[in-house]
Amino acid sequence: MKKGLVVESGFVFEEETSLTVSKTSLFFAGDGFTVYDPKGELVFRVDSYGPDIRDKDELVLMDPHGRCLLTVRRKRPSLHQRWEGFLGERSDGQKPIFSVRRSSIIGRSSVTVEVYGNTGEEYQIEGSFGQRCCTIFNAGKETVAEIKRKVDASTNVVLGKDVFSLCLKPGFDGAFAMGLVLVLDQINGDDYFANDGGAEVVPTSMDE
């Protein structure tokens, strides 16, 4: 298996690619995410149904046609928040393909990702997902993906935190990266949205 390939080779891009991630309604059935490629075509979607909080303990990443690619599930009991990823639609007895655990450092979004089956393959996520500013590093401390605030190129305005960019380096599995986004979203919760004033103007001298 190639390094960086965890879920499916069809979502490993040969060139650096920036996906647009849109978080849908926070309050109604069908909450979730939609993810688009640079051409505006749907790549991934995530739906959750109903207001039951237990639904949030297991999320399924699907392709545009509704095929289940990956299931992320909160591991209980766990001292620190720990999630596991399963290939396809999880079934009882199925072994996870990776695990995600938050460090014990209060106030810092430091997260360790361990991929099973690939000896020594480990990733570190640093930064603030709540502020949509964090980086995924491989074991060699090389950047493999970044989560950034999205800027509207025509108006030079930073969009709200419910729309952001997932930037993938060549050879890194986009489906795996999006699975990590789902876990980060659950770990951080929606507290950051309470103080979000919406769009912010970026100085024209600032790089996009």
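A salt bridge is counted here when a side-chain nitrogen of Lys or Arg lies within 4 Å of a carboxyl oxygen of Asp or Glu. The structure is a predicted model, in which local features need pLDDT of at least 70 and side-chain atom pairs count only at pLDDT 80 or more, while totals for chains, interfaces and linings use all residues. Residues are numbered from 1 along each chain as its sequence is written, and side-chain values use heavy atoms, with hydrogens and water left out.

A search of the whole structure returns nine salt bridges. One of them joins Glu58 to Arg73, with the closest N and O atoms 3.2 Å apart. Because Glu58 belongs to strand 4 (residues 58–62) and Arg73 to strand 5 (residues 68–74), this pair ties together parts that are 15 residues apart in sequence; strands (E, at least two residues) and helices (H or I, at least four) are DSSP runs numbered from the N terminus. Glu58 also forms a salt bridge with Arg90, where the closest N and O atoms are 3.0 Å apart. Here the link is between distant parts of the chain, since Arg90 sits in the loop between strand 6 (82–87) and strand 7 (98–102), 32 residues away from Glu58 in strand 4. Together with Asp92, the residues Glu58, Arg73 and Arg90 make up a network of salt bridges.

How accessible are these side chains? Relative accessible area is described as buried under 20%, exposed over 50% and partly exposed in between (1.4 Å probe, protein chains only). Glu58 is partly exposed at 30%, as is Arg73 at 33%, and Arg90 also counts as partly exposed, at 21%. Elsewhere, Glu146 and Lys148 meet through their side chains in a salt bridge of 3.8 Å, N to O. Glu146 has a relative accessibility of 21% and is partly exposed; Lys148 is likewise partly exposed, at 37%.

We can now turn to the interior. In soluble globular proteins, nonpolar side chains tend to be buried together. A nonpolar core is taken as a set of buried Ala, Val, Leu, Ile, Met, Phe, Trp, Tyr and Cys residues joined through side-chain atoms within 4.5 Å. The largest such core holds 44 residues, of which Phe44, Leu61, Phe98, Leu166, Phe176 and Met178 touch the most other members. Helix 1 (residues 174–188) supplies the largest share of this core, ten residues. With contact meaning heavy atoms within 4.5 Å, Phe176 touches Val6, Val7, Phe98, Val113, Val115 and Tyr123, leaving aside residues up to four places away in sequence.
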